[in-house]
Amino acid sequence: MSTFTAINPRDGAPVGPEFPEATPADISAAAARAAAAFERWRRVPPKERAKALRAAANALADARDEIIATVDLEAALGDARINSELARTIGQLHAFGDLLDEGAYVEAIIDRANPAATPPRPELRRMLQPLGPVAVFTPSNFPLAYGVAGGDTASALAAGCPVLVKGHPSQPATSELCARIVRAALAQTAGGADVLQLVHGRTPDTGRGVVTAPEITAVGFTGSVAAGRALFDVAAARPEPIPFYGELGSLNPLFIGPGALTERGADIAAGLSASISMGAGQFCTKPGLVFVPDSDAGRDFVTMLAARLDAAPAGVLLNENIKHLLANKMQATLLVPGSKCATRRDWPPDRGFHVVPSLFVTDDATFAAFPELREEHFGPVSIVILCAPDRMPALATQLGGHLTGTVHAAPGDAAWAAPLADALAQHVGRLIWNGYPTGVTVVPAMQHGGPYPSSTSSLHSAVGTTAIRRFLRPVAYQNVPDAMLPPELQAANPMGIERLVNGRRTYDAL
Ligand code: NAP
């Protein structure tokens with residue numbers, strides 16, 4: 001049996017017990033348990049599912065101290081960050097509970113029969129229903145909020161889908177602890193413990209085994225473009241292809257207008273430095289490309305930003321793989337003729353994974369000639385591209401898909417900013433004005449997902465309650481007797497939900 005242990009990012013030493021890599025038989029058994037649980041869970045009324053999610057949330061809150069200590073040992077994120085991530089994780093579960101209580105998420109649509117129409121119309125009633133067992137892959141950089149009990153799991157469970165989690169190999173004890181807490185809480189509810197399954201692994205075979213398990217009907221993945229794309233292709237190549245919702249890497253381009261630079265260049269340098277270095281830059285929303293006017297003011301801005309980053313504290317990367325990939329990527333960027341490093345510090349020599357922020361600077365022509373400058377540096381590293389402001393709208397259309405795009409503009413920049421914002425909105429999931437992309441507010445209006453490669457399906461969000469839509473499919477019932485319909489579609493509207501009846505939103509019975 002193959003086993004592995006977590007590594008403490010602060011000193012590179014092994015921590016915690018050995019965890020067994022799941023065998024194909026383990027994965028089959030977990031998928032079979034999830035499929036059996038689906039037959040029960042999909043019939044549990046939404047308000048009962050809400051109670052189960054709240055029970056899980058409360059159990060996580062009760063175990064706060066143990067969770068924080070475990071995550072910190074494996075991820076070195078510090079108490080404040082872990083505490084806020086735990087609050088987000090708990091809040092997400094409650095938010096989905098509220099959504100289920102309200103009930104309209106099933107998008108009930110009723111078009112009454114009209115035998116006198118030409119051609120005659122049958123009675124049609126449509127609503128969203130759970131897909132089936134969902135596989136969830138957790139990333140290393142959100143051990144809780146996108147971990148075992150994180151956003152993908154919460155949205156799938158809310159939809160009525162059991163979840164089979166493939167835990168990230170950097171944080172097995174965190175995964176195991178959260179699964180134990182949530183399963184124990186669910187065991188006391190209509191859900192039962194088996195709606196949540198966990199397997200461990202650190203080889204691609206485990207991930208592939210989870211995606212190809214015949215019982216799995218969809219995948220929620222958060223992680224790198226390389227791994228996400230590999231597993232997306234596996235999902236598409238199954239005899240029965242399934243939806244794969246991959247939230248992948250993003251460069252989050254940020255554009256600064258000439259007026260904004262003059263008015264508040266120093267403030268932008270301070271805000272941007274914090275956004276680049278926060279959490280050692282290990283956020284999918286870290287600003288990785290910064291477009292700055294090629295002028296004296298632009299070059300002064302680069303000097304200010306580099307000085308800020310040189311003064312920022314060292315951070316800790318999550319694992320050796322991320323450190324190795326970042327070091328190689330920075331080396332490759334340094335070798336690009338026409339690109340230079342504006343910051344002065346080297347990484348501290350240590351046995352752990354400490355890192356300091358870095359800033360590269362290049363020009364428009366170099367950026368166009370070297371496509372490798374459009375690849376993610378996962379860590380506290382950004383590239384400034386000095387270019388003419390009127391080139392920025394065209395550049396925005398050539399960058400591919402991103403989670404976010406940001407514009408910094410002063411009132412005098414309006415003529416420059418309008419076409420840029422319009423171009424950018426075609427390529428990102430969230431357009432930010434005079435702000436910074438890190439920090440994803442968890443509300444229904446949030447959009448976290450964008451055109452490929454930032455996500456594999458730009459139609460949905462991985463953050464906020466609309467994320468439930470990924471794990472629901474529409475079913476239309478034609479002329480089906482009222483008593484045989486799901487309650488959400490019955491004439492009396494026993495669930496009391498808002499429905500669209502003959503084009504009009506109403507809570508009324510038919
Ligand atoms: P990762 O290395 O891609 O790992 C994610 C999962 O994929 C792990 O379970 C990993 O397990 C598995 N995996 C890796 N390579 C695989 C392969 N070839 N075949 C099958 N499975 C494979 O990502 P990470 O280190 O956790 O996170 C860093 C990346 O995630 C960054 O690029 C970041 O931008 C991105 N991210 C994106 C978002 C978003 O919302 N868009 C959020 C957070 C992070 P094994 O190693 O066991 O195979």
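**Close-up views of a predicted model**

**View 1. Strand S4 gives the second largest pocket the largest share of its lining, 4 residues.** This is a predicted model, in which local features need pLDDT of at least 70 and side-chain atom pairs count only at pLDDT 80 or more, while totals for chains, interfaces and linings use all residues. Residues are numbered from 1 along each chain as its sequence is written, and side-chain values use heavy atoms, with hydrogens and water left out. The second largest pocket holds about 460 Å³ of space (the space filled by probe spheres set on grid points joined across faces, edges and corners). Its lining has 22 residues, and Arg42, Arg43, Gln129, Pro486 and Glu488 are the closest to the centre of the pocket. At least two lining residues each come from helix H2 (46-62), strand S4 (124-130) and strand S19 (472-478). Helices (H or I, at least four residues) and strands (E, at least two) are DSSP runs, numbered from the N terminus. By class, this lining has 16 nonpolar residues, 1 polar and 5 charged. Here Ala, Val, Leu, Ile, Met, Phe, Trp, Tyr, Cys and Pro count as nonpolar, Asp, Glu, Lys and Arg as charged, and the others, Gly among them, as polar.

View 2. At Glu247 the backbone takes part, with an N or O atom 3.5 Å from a nitrogen atom of the ligand; a polar contact is a pair of N or O atoms within 3.5 Å. On its own the ligand exposes 900 Å², and the protein buries 88% of that area (by the Shrake-Rupley method with a 1.4 Å probe).

**View 3. The largest cavity holds about 40 Å³ of space.** It belongs to a set of 4 cavities of 30 Å³ or more. On a 1 Å grid over the protein atoms alone, a cavity is a set of points where a 1.4 Å probe fits but cannot get out, a pocket is an open set with protein on both sides within 12 Å along at least five of seven lines, and lining residues have an atom within 4 Å of a point. Among the residues lining the largest cavity are Leu251, Lys286, Leu373 and Glu376. Strand S16 (residues 381-387) supplies 3 residues, the largest share. In this lining, 5 residues are nonpolar, 3 polar and 3 charged.

**View 4. Two cis peptide bonds can be found at Pro119 and at Pro453.** The bond from Thr118 to Pro119 has omega near -10°, and Pro119 sits in the loop between strand S3 (109-111) and S4. Between Tyr452 and Pro453, omega is about 10°; Pro453 is in the loop between strand S18 (428-433) and S19.

Notes
A polar contact is a pair of N or O atoms within 3.5 Å; within protein, one must be able to donate a hydrogen and the other to accept it, and residues adjacent in sequence count only if both atoms are side-chain atoms.
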